[in-house]
Amino acid sequence: MGNRYTFIALVFLLLMVLTGVSCKRDGKRAAFEMRYLMEIEIPAGLNVFTFHQFPVQKEPSGINFFLEQAKLEAEDIVAINTSFGRLTTLLGDEDLSMIDEIVIDLFRSDDNRLNYEAAYTFQIPIRRLSRIDLVPSITNLKEVLMEDQFDLVMHVRFRGIPPRSFTVVLEMGFEAFRE
C-alpha cells in the first residue's frame, strides 16, 4: 500500500515540475491599456435561429492620446491584444441568460472587408445573469486600433426571444505592447 502512495506522489511531483518547466514565462508588460464603453440597443422579439448583428460605427480609438500619455510613437507598438470584454445591462435589471453566444469583431472604418475577432463567449450558463464575461481572442488588433477610429460588430445568437427592448453596455479593454 505504501508503494502505491509513493508512486502517486512521484507522478504528481513529476507533473508539477514538467508543468512549471513547460510554461513559457514572457516578461513583457503592456505599455498601456485602452478601454471602451459602448451602449447597444437590443430590440424585442429577435428570433433564436440566426446571429443578429449590432454595429457600432466610427468609434474613436483615442490612440494618439494613449501614445502621448505613454510617451511612445506609433512605431514602438508591436501588438495590441484584447485584455477583457464584458456585457452588462444599462440598468442592471435585465436577465442576459437569454443570450446563447456572442462574437465581437473589429473592422477598420476605411475598409470593412476584413474582420478581426476581438472576443467571444464560451458556454454561457443558463442561470439568471446580469453580466457576461467574454473570452479575449489572441488576434493582434494593431492594424485596426492604430487608426483614429474603428468599427465594431457584436454578433449575438439568442437562446430565448427578448420579451422587451433593452440597452446593453459592452466594455472592452485592449493592451498595447512595445518591443
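Select strand E2 (residues 52-60) and strand E7 (residues 149-158): 7 bridges join the two, and they run antiparallel. Strands, labelled E and at least two residues long, are DSSP runs numbered from the N terminus. Two strands count as paired if DSSP finds at least two bridges between them.

The model is predicted: local features need pLDDT of at least 70, side-chain atom pairs count only at pLDDT 80 or more, and totals for chains, interfaces and linings use all residues. Residues are numbered from 1 along each chain as its sequence is written, and side-chain values use heavy atoms, with hydrogens and water left out.

Now show the whole sheet. It is open, has 8 strands in the order E1-E8-E3-E6-E5-E4-E7-E2, and its pairing is antiparallel. E1 and E2 stand at the edges with a single partner strand each, so one side of each is left without a neighbour in the sheet.

E1 pairs with strand E8 (residues 166-178) in the antiparallel sense over 11 bridges. Phenylalanine 32 has alanine 176 as its bridge partner in E8. In a regular strand, side chains alternate between the two faces of the sheet.

Next, select glutamate 94, in the loop between strand E3 (77-89) and strand E4 (99-108). Is glutamate 94 buried or exposed? Its relative accessibility is 7%, so it counts as buried; buried means under 20% relative accessible area, exposed over 50%, and partly exposed in between (1.4 Å probe, protein chains only). The side chains of glutamate 94 and arginine 164 are joined by a polar contact of 2.9 Å. A polar contact is a pair of N or O atoms within 3.5 Å; within protein, one must be able to donate a hydrogen and the other to accept it, and residues adjacent in sequence count only if both atoms are side-chain atoms.

Last, select valine 135 in strand E6 (residues 131-136). Valine 135 is partly exposed, at 29% relative accessible area. Not counting residues up to four places away in sequence, valine 135 touches Ala118, Ala119, Tyr120 and Phe122; contact means heavy atoms within 4.5 Å. Valine 135 and isoleucine 102 are 33 residues apart in sequence and 9.9 Å apart in space, C-alpha to C-alpha.

Terms used
Helices (H or I, at least four residues) and strands (E, at least two) are DSSP runs, numbered from the N terminus.
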